[in-house]
Amino acid sequence: MDWSLCSAVDRSPGKLGGKWCFRGTRLPVAALFEHLDQGSTIDEFLECFPSISREQVHRVLDFAKSSLEQPVAVA
């Protein structure tokens, strides 16, 4: 999965060790998946992190979903 193709995220070597973060923040994208895994809703996640927009969350989730739907090259 090439997160550089997702417009809702960015990374730089000097920010959190180069982890993918929501664009313009220091919040790692992994935090969204951790919260969802623990049973949080998107609304609860957004309440905890008001600097993240609902649109960013949906872009990240849509990107992750679409990457799972990509065909795999078989050698």
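A search of the whole structure, which is a predicted model, finds 3 aromatic pairs. Rings of Phe, Tyr and Trp (its six-membered ring) pair if their centres lie within 6.5 Å; planes under 30 degrees apart count as stacked, over 60 as edge-to-face and the rest as tilted. Two of the pairs are set out below.

| Pair | Centre to centre | Angle between planes | Class |
|---|---|---|---|
| Phe22 and Phe45 | 6.1 Å | 40° | tilted |
| Phe45 and Phe49 | 5.0 Å | 45° | tilted |

Phe22 belongs to strand E2 (residues 21-22) and Phe45 to helix H2 (residues 42-48), so their pair ties together parts that are 23 residues apart in sequence. Helices (H or I, at least four residues) and strands (E, at least two) are DSSP runs, numbered from the N terminus. Phe22, Phe45 and Phe49 form one aromatic cluster.

Buried means under 20% relative accessible area, exposed over 50%, and partly exposed in between (1.4 Å probe, protein chains only). Phe45 counts as buried because its relative accessibility is 0%, whereas Phe49, at 22%, counts as partly exposed. Phe22 is also buried.

The structure holds 0 disulfides, a disulfide being a pair of cysteine sulfur atoms within 2.5 Å. The sulfur of Cys6 has its closest cysteine sulfur in Cys21, 13 Å away, which is too far for a bond. Cys6 is buried at 4% relative accessible area, and Cys21 is buried at 0%.

Residues are numbered from 1 along each chain as its sequence is written, and side-chain values use heavy atoms, leaving out hydrogens and water. Local features need pLDDT of at least 70 and side-chain atom pairs count only at pLDDT 80 or more, while totals for chains, interfaces and linings use all residues.
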